[in-house]
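I opened my notebook to look up aromatic rings and their surroundings. My entries follow the structure.

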Amino acid sequence: MGSIALNSSIEPPLKESSYELPAASYPSPSAAPLPQSDDELQGIARSCIDSLNSMLNTKGYSQLISLMASTSYWRDHLCLSNTKFSTLFGAEEVISFIQKRGKQCNIKSFALGDKKPEIVNVDPIGKVKCILVYITFQNKIGNGRGILRLIQDVENGDEWRIYTMFTTLRDLTDTPFLTGSKRPFHAVPEAAGNLSWGEYHERKKHFIDQEPAVLIVGAGHSGLMTAARLSMLAVPTLVIDKQTRSGDAWRLRYEDLVLHDSCYSNAVPYLPYPPTWPVLAPKDKVADFLECYEAALDLNVWNETHIILSKWEADKKCWLVEVERCQDGKKTRRTLHPRHIVQATGLNGEPRIPEIPGVQTFEGKTMHSSSFKGGSADYKDKKVIVVGSGNSAHDISQACCKAGASVTMIQRSPTLVVSLARVHKLLSLNYNEHIPAEEADLMSLSLPSTLFRTVGADALSLLSSMDAPLIASLSAVGFRPTPPDPYLNILILTIQRAGGFYVNIGASELIASGAITVKSSPGLSISRINPHSVVLSDEEEIGNVDEIIFATGYENGRARTRKVFGDAVADGIESIWGFDGMGEIRGVWRRGGRPGFWVAAGAFWISRYYSRLLALQIKAIEMGLVEL
């Protein structure tokens, strides 16, 4: 923050380390007539699938040059490769990727999915049309689903060619997820003998008769979803968490916290929310539901447990982990030998707290936003400085203002402000009452990130009139909304910066009315703190300050790895979060450079989708289908 120095760390800020994702251009629109009947659409889709299968059967991968458009993408999650998440640009890159992995493509065959092909827009305005085709496929270890977008490629005589292709692994052939018709008949397996369910449950939960193959550290939504997926693949999994109850990662946050995403995008695998569940759930309801989720899915969770020691034993291909567990006030230690550890301690690393001259002389209270518990009555008539202008800064400013405090927000950089109604109008196209969440995930992930950057920003811009009065009122009082940017959207900011935006749930109106004061200019920062005042970098002094709250973000998530697992593990893995050079999310849900070490992090919808893929990767290793 300008002249503010952040606590020294060897982990660079996310916005400095993430790959700067470019924005893709749309293909040229074709003037050729579109198909007019379902039979025509089906015929075009069938011809494409037949050509792909012919290519696979003959190993004539050069045929992709005549099947894929001049500008085209293949996004692949564990299908072309059993171990990689990739986005490949153009036929030549796809061919090279396949040939580097052997003489035969990892995918064996394609088929049309159960939904009819249909004509849809590529861009939100509808200048470019495509045929959307749902597909299924078999590869060497399993089966999956995907989506094709076929366009009339202007650069190739308006031939129908593949513009985008998405393939994602769904199941392993020999060990599918034990759900639906594949669920167990009895709650107690035959091997457990004459144990009652209660006896069996206790022995299973406490790992009396076996060791966990997987140790998940963190009982938040990412950790519990991953545990649920592994459980459905019959992989012995233990979740540990330092807090007293599962869901405390949400429960212990500030009182006014409400999820900004809808219940449709925040669904969890295997257990739907009740039909009366609010669209926007408060954090305590979410926490309590996660606790119920643990019980309903019979997950093995040890609360009030933390790691004392962990090290990788390369000769045994497993971890040696010593944990300390508190039960009924008694502390005990247990040594475990999991073959996999999943860090599910949240997206963020350690809080980033500025080092400012004079802070030690301040006679009021200072804290990071992560320590804020809510706008209690104690805030009445207090003068509070909130440093930052992202989601947390706005929520905290609103809570303190409602409690009767005089609040000043310090804004250094412009902030993308979007109304809740605008966000939900966009999200509801895929995430709504009628579309199952996992179907919506398939559609949402089917675009390469570079193209999504363009599509998402254009869709947001189409609804800009909804927020125009709000943006004007904020600008009038000195708050700096992000200037119009043709390639900016919330998801890109979330992954590339983990911030830089605010979804308005009321704070913007308080700022516009003057109830919350804003100090804003390029590079504005706090240059000095006195016993009762704050001096800004423009020399303005704000006096009679009672509390300073730093909503200044977090270190890279790898800082948490370093704290819990040590330097050797942290130095051996990728940075956590941000984009890699292909536009895939970096360092999470996939191999990150260290055998047997995985990271699970992200919003509910990200965790729901990727937890399946992480579980499949671990199960494939456990079965010997791929190497550790």
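I looked up Trp250 and found that it counts as buried, because its relative accessibility is 12% and the cut-off for buried is under 20%. I note that this is a predicted model.

I checked Phe604 next. At 3% relative accessibility, Phe604 counts as buried.

I then searched the whole structure for aromatic pairs and got 16. Trp250 and Phe604 make one of these pairs, with 6.0 Å between centres and 45° between planes, and the pair is tilted. I traced where the two rings come from. Trp250 belongs to helix 7 (residues 248-251) and Phe604 to helix 18 (residues 604-622). They are 354 residues apart, so I wrote that the pair links distant parts of the chain.

I turned to Trp277 and Phe289. Their ring centres are 5.4 Å apart and their planes meet at 65°, so I logged the pair as edge-to-face. Trp277 sits in the loop between helix 7 and helix 8 (283-296), while Phe289 is in helix 8, so this pair ties together parts twelve residues apart in sequence. Both Trp277 and Phe289 are buried.

I also found a cluster. Ring pairs link Phe85, Trp589, Tyr609 and Tyr610.

Which charged residue lies over the face of Trp302? I found Arg325, at 4.2 Å from the ring centre. I also saw the charged end of Arg612 over the ring of Phe177, 4.6 Å from its centre.

My last entry is Asp114. I placed Asp114 in the loop between strand 4 (107-112) and strand 5 (118-121). Asp114 counts as exposed because its relative accessibility is 73%. Its C-alpha atom is 7.2 Å from that of Tyr134, 20 residues apart along the chain.

Conventions
Residues are numbered from 1 along each chain as its sequence is written. This is a predicted model: local features need pLDDT of at least 70, side-chain atom pairs count only at pLDDT 80 or more; totals for chains, interfaces and linings use all residues. Side-chain values use heavy atoms; hydrogens and water are left out. Helices (H or I, at least four residues) and strands (E, at least two) are DSSP runs, numbered from the N terminus. Buried means under 20% relative accessible area, exposed over 50%, partly exposed in between (1.4 Å probe, protein chains only). Rings of Phe, Tyr and Trp (its six-membered ring) pair if their centres lie within 6.5 Å; planes under 30 degrees apart count as stacked, over 60 as edge-to-face and the rest as tilted. A charge sits over a ring if NZ of Lys or CZ of Arg is within 6 Å of the ring centre and within 35 degrees of the ring normal.
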